[in-house]
Amino acid sequence: MDIRDKSALYEIKQKLGGSIYTIANANALKYQLSHKKGLIVLINGVNGMIRNPIRMLQMNKLCLKYGINLLFPKPLTFNNGWLSGFIDSDGSIYMNEQSGQVFLSASQKNKYLLEPLIHLYGGRVDILRKVEAFKYIVYRKNELFNLIDNYFNKYPLKTKKSSRLKLIKQFYLVRVSKNNKDIEKLNEWVIFKDKWEKYID
């Protein structure tokens, strides 16, 4: 993971043990868990929560190795922390100054993993032709605010993406148009952009 997300890795290490390594020539860290006791705690903790078919097949190999029955996930509901983990691992939060919008998105090769999210949280699924994948996007202001107020307050992000999430409402208060000549407003926008770029909430 990106080095700025080290607190998320150390939280996992505290619960399961394992080791954290710095990756050479990269601003990133690697978490590794290899002892049996920790692996069994991990397997039992996530068994029945994994939704990605490829990860389920990998999980099944571990379950077979340790004599554990693989559990299939139940249908996703609004009040489930899965989306939060999905955004932490595969998602991004970014803004488009020209359109005056913020986007919360996550990419995945399996379209069927993303489609249930539309009915629960809003948004849409697009095709990413260059990388042969699908992208789930939430961009409407009311849907973003609903997620912030009713979902992420209950299932907070564990990575530094949470800093941007906390700034989304402020974005809609301080964003300025190209023709705005109000120095105070422009200064507010510059300060906001600095916080956004540096992941400071």
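Student: In this predicted model, what covers the buried residues of helix H6?
Tutor: The cover includes helix H4 (82-90), strand E4 (101-108), helix H5 (111-121), strand E6 (133-138) and helix H7 (161-174).

Student: Which residues of H6 are buried?
Tutor: H6 spans residues 141-152. Its buried residues are Glu143, Leu144, Leu147, Ile148, Tyr151 and Phe152. Buried means under 20% relative accessible area.

Student: Why is asparagine 25 called exposed?
Tutor: Its relative accessible area is 87%. Exposed means over 50%, so asparagine 25 qualifies. The residue lies in the loop between strand E1 (19-22) and strand E2 (29-32).

Student: Is glutamate 132 buried or exposed?
Tutor: Exposed: the relative accessible area of glutamate 132 is 65%, and the cut-off is over 50%. Glutamate 132 also has a positive phi, about 50 degrees, although it is not a glycine. Its place is the loop between strand E5 (124-128) and E6.

Student: Which residues touch the most other members of the largest nonpolar core?
Tutor: Val102 and Leu117, out of 32 residues. Elements giving two or more residues to this core are H4, strand E3 (91-96), E4, H5, E6, H6, H7 and helix H8 (183-197). H7 gives the largest share, six residues.

Student: What does valine 102 contact beyond its neighbours within four places in sequence?
Tutor: Its contacts include Ile93, Tyr94 and Met95, and also Val138, Leu144, Ile168, Phe171 and Trp196.

Student: What makes E3 and E5 edge strands?
Tutor: The open sheet of four strands runs in the order E3-E4-E6-E5, with antiparallel pairing. E3 and E5 each have a single partner strand, so one side of each is left without a neighbour in the sheet. Neighbouring strands are turned by 30 degrees against each other on average, direction ignored.

Student: How do you know that E4 and E6 pair?
Tutor: They share five bridges, in the antiparallel sense. Pairing needs at least two bridges, so E4 and E6 count as paired. Leucine 104 has valine 138 in E6 as its bridge partner. H5 packs on the sheet and touches E4, E5 and E6; its direction makes about 15 degrees with that of E6.

How values were computed
Residues are numbered from 1 along each chain as its sequence is written. This is a predicted model: local features need pLDDT of at least 70, side-chain atom pairs count only at pLDDT 80 or more; totals for chains, interfaces and linings use all residues. Side-chain values use heavy atoms; hydrogens and water are left out. Buried means under 20% relative accessible area, exposed over 50%, partly exposed in between (1.4 Å probe, protein chains only). Contact means heavy atoms within 4.5 Å. A nonpolar core is a set of buried Ala, Val, Leu, Ile, Met, Phe, Trp, Tyr and Cys residues joined through side-chain atoms within 4.5 Å. Axes are lines fitted to C-alpha atoms, for helices over the stretch in contact, and angles run from 0 to 180 degrees between N-to-C directions.
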